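Please read it alongside the sequence and coordinates.

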Amino acid sequence: MFHLLVSRKLNPEFCLEVPTRTCLNAYVKAMSLQKTAQMLAYEGVCQAYVFGPRSILIQQMGFTNLCFFISMDDIEPPFEETYPTLFHNSTARANDKTLFAVDKECELPLIDLARLNFWSFDQWIEEMAEAASQWGFFQVMNHGIPQKVFESMRKEQMKIFHQPFRKKSEQNFMNLSADSYRWGNPKATSLRQFLWSEAFHIPVADISKLEDESINPRSSIGLFATKAANLAERLAEYLAHNLRIKSSYFRDNCLPSSSYLRMNRYPPCPPSFEVLGLIPHTDSDFLTLLYQDHVGGLQLKKDGRWLSVKPNPDVLIVNVGDLFQALSNGVYKSVEHRVVSHPKVERYSVAYFYCPSYEAVIESTENIIKPAIYRKFSFREYKQQIQEDVRATGNKVGLSRFLL
Ligand SMILES: O=C(O)CCC(=O)C(=O)O
Ligand SMILES: [Fe+2]
């Protein structure tokens, strides 16, 4: 007989209670990883598989996307241990109860891509353009990316992030370049600037090189990136149509390999820390496609107030990036957003950043009523300016640097 304890990483939708890592370690020592997995499956509500040399994957019966890993090694980045002065020195604490203040939960404008076949083209595009200019964010349904692509992407993400921290932070992990794995914020001087999250930021061009001896990340991630690239191009063309931008602009300037993919994981964050999962920022691309799980935590700024986005794993979130704001001469808005981590549950998201090649030139589309508000710049120049600003001030200044 064994005692069941609630795991810190327990998914709230997952009704099974599982042992903690320490408890599991004891079972594994006394029996074997295989026997422990069998024990966990004993109640018949879940299946448990041995995964890798030191972890077990647990999956709820009948729900392929409700699964999680229990790892015998520590998977969490050592946030508190590495930055003790930030977490345990009261003067560095944000000490600001308004940090997480939100006005309310909102549902983003919903664009149904299937309606394109029934509505008049102009009316349909108008709806999307209005969302891009009023909110900078919208959600799309019937987008053509099968749900199983998201499910396998999420499973892959869990496998990757549930590797021991020492492995994830190794040079060359999955054959990625050293700066792909990011956790916390080494430059933070207060908790307000810290990120309670970890991420893999991967150039799409590098996906084909991904490899690991225990996982096979290439196929799920590659499939997601290909589907996202097609959808992003389509959406960008619709939005451009409304502004009378040449429809081939995106095909001419964005190569499939010039975009990026970022896999985010937000470990549970103790409520005693006033720290965000991701600090307020805008995205430095044309469009971002974001797939998030059911946990929630994404917030965006609208009319000066923070709103929480109601999570819906059945849709894809789209947000306008800085480059589209510049190209549209300020008509479409690149809106600030951030993430609040959950106190008990880990959260996953994956963002596809639709970017041009470095040489692409972004020029505001002016008209008689509204002359250009931004000067012409190349994507390379934009990235370099951001890096310079972050180095000098710790913050991205962004588009305001390019105002005329
Ligand atoms: O995790 C999220 O919901 C947002 C992620 C995001 O904004 C980003 O990666 O730039
Ligand atoms: Fe973002």
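## Salt bridges

A salt bridge here is a side-chain nitrogen of Lys or Arg within 4 Å of a carboxyl oxygen of Asp or Glu. By this rule the count comes to 17 salt bridges. The model is predicted: local features need pLDDT of at least 70, side-chain atom pairs count only at pLDDT 80 or more, and totals for chains, interfaces and linings use all residues. Residues are numbered from 1 along each chain as its sequence is written, and side-chain values use heavy atoms, with hydrogens and water left out.

R380 and E359 pair at 2.4 Å, N to O. R380 belongs to helix α11 and E359 to the loop between β16 and β17 (361-362), 21 residues apart; helices (H or I, at least four residues) and strands (E, at least two) are DSSP runs numbered from the N terminus. R380 is partly exposed at 36% relative accessible area, while E359 is exposed at 52%. Buried means under 20%, exposed over 50%, and partly exposed in between (1.4 Å probe, protein chains only).

The closest N and O atoms of E346 and R265 are 2.7 Å apart. E346 lies in the loop between β15 and β16 (347-354) and R265 in strand β9 (residues 260-266), so the bridge ties together parts 81 residues apart in sequence. E346 is buried at 6%, as is R265 at 0%.

## Positive phi

D303 has phi near 50 degrees and is exposed at 70% relative accessibility. N329, with phi near 60 degrees, is buried at 1%.

Notes. Chains lettered and ligands numbered in written order.
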